[in-house]
Amino acid sequence: SLSLSMLLSSLGTSIANVSLPTLAHVFAARFLDVQWVVLSYLVSMTALIVSAGRLGDIVGRLRLLLLGLLMFSAASVAAGLAPSLEVLVTARAAQGIGAAAMMAMTMAFVGETVPTAQTGRAMGWLGTMSAVGTALGPSLGVLLIATAGWRTLFLINVPLGIVAAILVQRVLPADRPRSPADRGGFDFFGTGLLAGS
């Protein structure tokens with residue numbers, strides 16, 4: 001369940017790269033504008049991944065991982081059905097927010113669910129899945145564009161996201177009660193500063 005979540009979030013970073021010339025043609029847009037399909041995902045994911053870890057401490061890791069998968073999948077639908085470049089860029093940014101929660105919570109769950117002696121192996125496996133997703137993205141992207149069109153680059157995430165959510169719900173432990181320290185405040189100023197910078 002954690003590996004699939006990691007694979008999906010890393011696949012999202014690279015699968016759209018090969019689509020930029022196609023999207024520039026489809027939307028009659030400049031390449032400088034179309035590159036935001038990739039950048040919006042990367043920026044939102046990178047800016048929020050640290051804050052997602054803290055949010056998981058507050059609301060519960062299982063809850064946030066499921067929410068991240070739901071947001072990632074819903075944003076994938078929006079991206080796949082996008083009628084304009086602006087909608088596609090916005091959907092990709094939302095996808096990146098979901099991916100930030102997915103990546104942060106998969107790492108956090110390793111510490112919570114894996115015995116200490118096997119933590120290194122589990123982290124190595126998640127790192128491998130991240131690399132596989134990043135490496136698989138361009139090849140899969142070219143194949144999907146050639147056979148089924150650019151929209152499938154994003155719609156392919158939907159069934160995989162649903163499978164990942166079902167696995168997460170069935171396999172991972174329920175959120176344990178949080179201590180008052182864990183339920184403390186969220187650093188909105190720090191999050192805004194990190195995202196803005």
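Visitor: Which side chain meets Asp57 in a salt bridge?
Guide: This is a predicted model, where local features need pLDDT of at least 70, side-chain atom pairs count only at pLDDT 80 or more, and totals for chains, interfaces and linings use all residues. Residues are numbered from 1 along each chain as its sequence is written, and side-chain values use heavy atoms, without hydrogens and water. A salt bridge puts a side-chain nitrogen of Lys or Arg within 4 Å of a carboxyl oxygen of Asp or Glu. At 3.2 Å, N to O, the partner of Asp57 is Arg61.

Visitor: Is Arg61 buried or exposed?
Guide: Buried means under 20% relative accessible area, exposed over 50%, partly exposed in between (1.4 Å probe, protein chains only). Arg61 has 15% relative accessibility, so Arg61 counts as buried.

Visitor: How many residues apart in sequence are the parts that Glu112 and Arg61 tie together?
Guide: The closest N and O atoms of this salt bridge are 2.7 Å apart. Glu112 lies in helix H6 (residues 85-113) and Arg61 in helix H5 (residues 61-80). Helices are DSSP runs (H or I, at least four residues), numbered from the N terminus. The pair therefore ties together parts separated in sequence by 51 residues.

Visitor: Which residues do salt bridges with shared partners join into one network?
Guide: Arg61 pairs with Asp57. Arg61 also pairs with Glu112. The network is Asp57, Arg61 and Glu112.

Notes:
Helices (H or I, at least four residues) and strands (E, at least two) are DSSP runs, numbered from the N terminus.
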